[in-house]
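Hello,

Here is the structure I said I would pass on. My notes follow below it.

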2 protein chains.
Amino acid sequence: MSYEKLPLDEFYKTIDELKPQFIQRLKKAIAIPSVSSDENLRPKVVDMAHFLVDELKALGAQDIQLKELGVQPPPVSNPNIKLPPIVLGRFGNDSNKKTILVYGHYDVQPAAKEDGWATEPFEMYHDKSKDILYGRGTTDDKGPVIGWLNVIEAHKKLNLELPVNLLVCFEGMEESGSLGLDELVAKEANEYFKNVDQVTISDNYWLGTTKPVLTYGLRGCNYYQIIIEGPGADLHSGIFGGIIAEPMTDLINVMSKLVDSQGKIQIPGVYDMVAPLTKEEDGLYDDIAFSVEELNAASGSKTSLHNNKKDILKHRWRFPSLSLHGIEGAFSGSGAKTVIPARVVGKFSIRTVPNIESGKLDQLVFDFITKEFEKLQSPNKFKVELIHDGNYWVSDPFNSAFQAASKATQDVWNVVPDFTREGGSIPITLTFEKELGVDVLLLPMGRGDDGAHSINEKLDISNYIQGCKTLGGFLHYYSKT
Amino acid sequence: MSYEKLPLDEFYKTIDELKPQFIQRLKKAIAIPSVSSDENLRPKVVDMAHFLVDELKALGAQDIQLKELGVQPPPVSNPNIKLPPIVLGRFGNDSNKKTILVYGHYDVQPAAKEDGWATEPFEMYHDKSKDILYGRGTTDDKGPVIGWLNVIEAHKKLNLELPVNLLVCFEGMEESGSLGLDELVAKEANEYFKNVDQVTISDNYWLGTTKPVLTYGLRGCNYYQIIIEGPGADLHSGIFGGIIAEPMTDLINVMSKLVDSQGKIQIPGVYDMVAPLTKEEDGLYDDIAFSVEELNAASGSKTSLHNNKKDILKHRWRFPSLSLHGIEGAFSGSGAKTVIPARVVGKFSIRTVPNIESGKLDQLVFDFITKEFEKLQSPNKFKVELIHDGNYWVSDPFNSAFQAASKATQDVWNVVPDFTREGGSIPITLTFEKELGVDVLLLPMGRGDDGAHSINEKLDISNYIQGCKTLGGFLHYYSKT
């Protein structure tokens with residue numbers, strides 16, 4: 001390890017000593033079913049905010065604020081239902097220190113024993129044979145949120161000064177679209193978040209199950225729909241089959257032109273915008289711990305489009321992809337219905353990467369699809385539109401935050417972390433970067449097999465405890481940069 | 001008119017005289033909401049059977065039987081719910097006379113004022129300005145069923161002997177798959193239905209709104225599904241897009257190969273099985289009352305694939321068609337869901353015509369789709385299967401029943417009826433033909449715009465009254481053949 005180690009052994013030891021307390025703290029958090037998508041459980045989400053406030057108070061946080069976000073916009077069942085508050089807190093306000101803003105979310109995905117959980121999802125279960133904690137939110141994202149509190153507790157116990165000013169921002173609507181968060185971040189950029197030097201988010205996962213990672217890139221997503229309309233109402237295929245132009249025929253034809261079975265996008269010009277792969281970047285994929293077998297395990301099939309690790313990672317992280325998601329308005333039930341659907345809406349999205357310009361991509365998509373539809377010479381009405389877009393994000397893995405996180409990881413795990421990207425998006429990353437004008441670090445705590453949105457969500461205790469050490473170590477290394 | 005007229009003026013006049021009673025009889029029938037698909041209304045369906053029994057008794061029918069069909073098979077809400085009975089009745093048993101079996105159904109489609117009806121669907125409304133009867137079942141199929149009873153009443157009033165032995169078979173599950181009917185017909189073929197010479201069904205409609213028709217052909221329908229399976233569960237397109245073979249990509253590709261936007265089936269060999277169009281047949285389409293405008297009005301659009309009446313009729317009646325109905329398992333909601341569906345099932349059907357052999361068609365379909373899927377070199381699992389088939393039906397419009405019906409029509413409407421076919425299927429037609437080994441005549445009463453399964457279902461009084469005359473006249477002309 002070629003870096004100057006900081007004397008953090010006492011800190012790391014204290015984390016180990018506090019392990020029982022840390023497990024208890026997480027257990028309390030898991031016991032609150034803060035499911036943001038279930039309006040009936042909204043009071044529990046609010047309870048969870050207050051739980052965090054109490055913890056922050058006990059740890060000596062200053063200027064704790066519960067930011068109310070008002071009434072939840074439709075669609076809702078209860079038109080008066082309030083959004084859960086965002087919890088803000090501060091540890092230290094020393095102008096000689098760097099200031100780090102930590103983001104996490106305290107709401108969780110729905111979970112019920114009947115879905116197939118082996119244990120009650122909101123009663124954290126410690127499997128002592130494997131040293132794994134099971135429960136909804138253990139890895140997504142209560143483990144990391146509580147992890148930051150643990151880091152502060154360890155400092156307090158040691159009477160060790162925090163090396164940075166630490167701000168926390170915990171939201172309660174992440175699993176339901178982060179409603180209200182963008183506005184709050186923009187509003188607080190020059191208020192509560194003034195002087196922030198760096199934002200750290202622990203809301204993603206290792207690529208695999210054995211090697212820690214730091215994440216420096218995310219793909220974006222442009223989501224489109226093709227609308228084809230013919231008859232005034234759904235018709236019977238016995239009476240109208242063969243005598244009218246069917247919207248489904250046109251739609252399926254156009255959709256079939258977008259991507260081939262090898263996953264290659266067929267829209268001309270898209271790949272031209274993709275940043276060329278340099279030899280240097282190509283080399284980055286060599287050492288990353290991953291394999292075709294891990295992909296197959298994750299997909300539950302042997303349907304990989306690539307026969308080697310490097311191609312898989314490149315196509316997940318740095319090449320665009322196009323997925324056909326479905327069709328609205330067509331027959332979608334089981335059995336046999338002899339309908340000619342009158343209006344069908346085909347849905348697809350393109351995952352974007354550097355240096356695809358979103359607006360230019362839209363134009364390529366619209367032009368190509370319009371041309372393909374015109375080729376059909378159909379009398380049906382046609383429209384293609386963008387219904388959602390989110391930019392890709394890519395950071396510099398050699399910047400001070402990533403290097404500090406790398407050193408902390410090496411301290412704790414005795415290995416240089418993999419520098420990874422992800423295929424999906426975490427929109428809040430872009431919001432913080434844009435609104436605060438600072439770099440963002442994605443510093444995951446859990447493993448790739450934690451089952452964040454699935455049944456039997458878990459967090460290995462080693463990840464939890466070593467993760468706390470890494471978060472704390474990161475603060476110290478970052479303070480020296 | 002080049003046929004020998006029978007002296008039926010008194011009979012026709014009597015029908016006119018009984019018009020008020022006939023309207024009352026239909027009104028009583030409409031008032032019983034015999035919706036077969038609504039289990040809660042099942043007692044009303046049974047009431048409707050008893051109403052018919054009472055009417056038959058009053059008219060002097062012999063050997064009236066309520067054939068119980070047992071418990072309705074799943075899926076049902078109430079596992080003990082019984083199927084409505086089939087009503088059988090007989091008028092006359094003279095071995096010197098021909099025997100005609102008349103089929104109709106006494107159940108109806110669901111209807112509720114809230115669906116957009118201008119009047120209460122189960123309170124027959126007589127619009128006197130237009131002389132139209134509105135109500136659920138007026139045209140489908142209570143009008144024709146009551147029509148047969150009216151024919152008998154008119155004979156009774158005139159003390160005129162029925163020229164044939166008349167059997168009636170009225171079922172109560174036609175709108176819900178005719179459950180139990182096939183078995184009953186097979187069972188009674190040599191019992192109640194023994195010695196039947198001819199079956200007449202009045203359960204379809206004129207092609208348009210002005211000219212009476214006799215229907216001598218129906219297309220069949222082979223319904224298929226293509227199943228493509230990849231990953232073990234639905235996946236996130238951010239994480240898996242670009243690295244696994246997506247079932248939707250394969251399915252859309254294969255489905256796009258089946259039919260073009262002009263409605264031409266792309267599966268080799270299908271058209272080779274279609275009976276050649278003779279010059280004689282071609283001529284049959286010349287005089288049929290229909291137009292592109294009528295098609296446009298019916299489809300609520302200007303999406304006709306053909307610019308002239310003859311091509312439209314040929315493609316509706318005597319050429320096959322292929323419709324893509326939808327996809328099961330893909331995203332089908334509104335909005336944007338970034339899912340890679342794990343298992344998708346594409347649904348399509350082919351309308352069949354003479355001389356397509358159903359089994360041979362299946363083989364052509366399976367071979368073609370299998371070959372197209374193999375071209376994709378996809379690692380996904382693939383299956384194509386037939387999920388339902390029903391044969392086409394075509395009769396001889398020059399046989400004695402059609403000619404008799406033509407004469408009766410000319411008596412009543414003063415015009416030679418159009419001999420038409422239909423694009424859809426009426427499976428019971430084939431059942432009677434096969435099980436009893438006799439010809440079937442489709443003798444419609446209502447018009448093409450009656451809205452059989454829609455809101456504001458109606459029957460013009462002229463169709464009702466002239467229709468009764470035609471049914472009765474047909475019996476007389478047929479008895480002379």
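Strand 5 (residues 132-134) of chain B is joined to strand 18 of chain B by 3 bridges, and the two run antiparallel. One of the bridge pairs is B:Leu133 with B:Leu459 in strand 18. Please keep in mind that this is a predicted model.

Both strands belong to an open sheet of 3 strands in chain B, with the order 4-5-18 and antiparallel pairing. Strand 4 (125-127) and strand 18 (458-460) of chain B are the edge strands, each pairing on one side only. On average, neighbouring strands of this sheet are turned by 20° against each other, direction ignored.

Two of them in detail:

- A:Tyr285 and A:Trp317 have ring centres 5.9 Å apart and planes at 35°, so this pair is tilted. A:Tyr285 is in the loop between helix 8 (279-284) and helix 9 (292-299) of chain A, while A:Trp317 is in helix 10 (residues 309-317) of chain A, so the pair ties together parts 32 residues apart in sequence. A:Tyr285 is buried at 1% relative accessible area, and A:Trp317 is buried at 1% as well.
- B:Tyr224 and B:Phe366 have ring centres 6.0 Å apart and planes at 90°, so this pair is edge-to-face. B:Tyr224 is in strand 9 (residues 220-229) and B:Phe366 in helix 11 (residues 358-375), both of chain B, so parts 142 residues apart in sequence are tied together. B:Tyr224 is buried, with a relative accessible area of 0%.

Ring pairs also link A:Tyr103, A:Tyr192, A:Phe193 and A:Phe432 into a cluster.

Lastly, the charged end of A:Lys98 sits over the ring of A:Tyr478, 5.6 Å from its centre. In chain B, B:Lys98 lies over the face of B:Tyr478, at 5.6 Å from the ring centre.

Regards

Notes:
Residues numbered from 1 in each chain as written. Chains lettered and ligands numbered in written order. Predicted model: local features only at pLDDT ≥ 70, side-chain atom pairs only at ≥ 80, totals over all residues. Heavy atoms only, no water. Pairing = 2+ DSSP bridges. Helix = DSSP H or I, 4+ residues; strand = E, 2+ residues; numbered from the N terminus. Axes fitted to C-alpha atoms, helices over the stretch in contact; angles between N-to-C directions. Phe/Tyr/Trp six-rings, centres within 6.5 Å; stacked < 30°, edge-to-face > 60°. Buried < 20%, exposed > 50% of the residue type's maximum accessible area, 1.4 Å probe, protein only. Lys NZ or Arg CZ within 6 Å of the ring centre and 35° of its normal.
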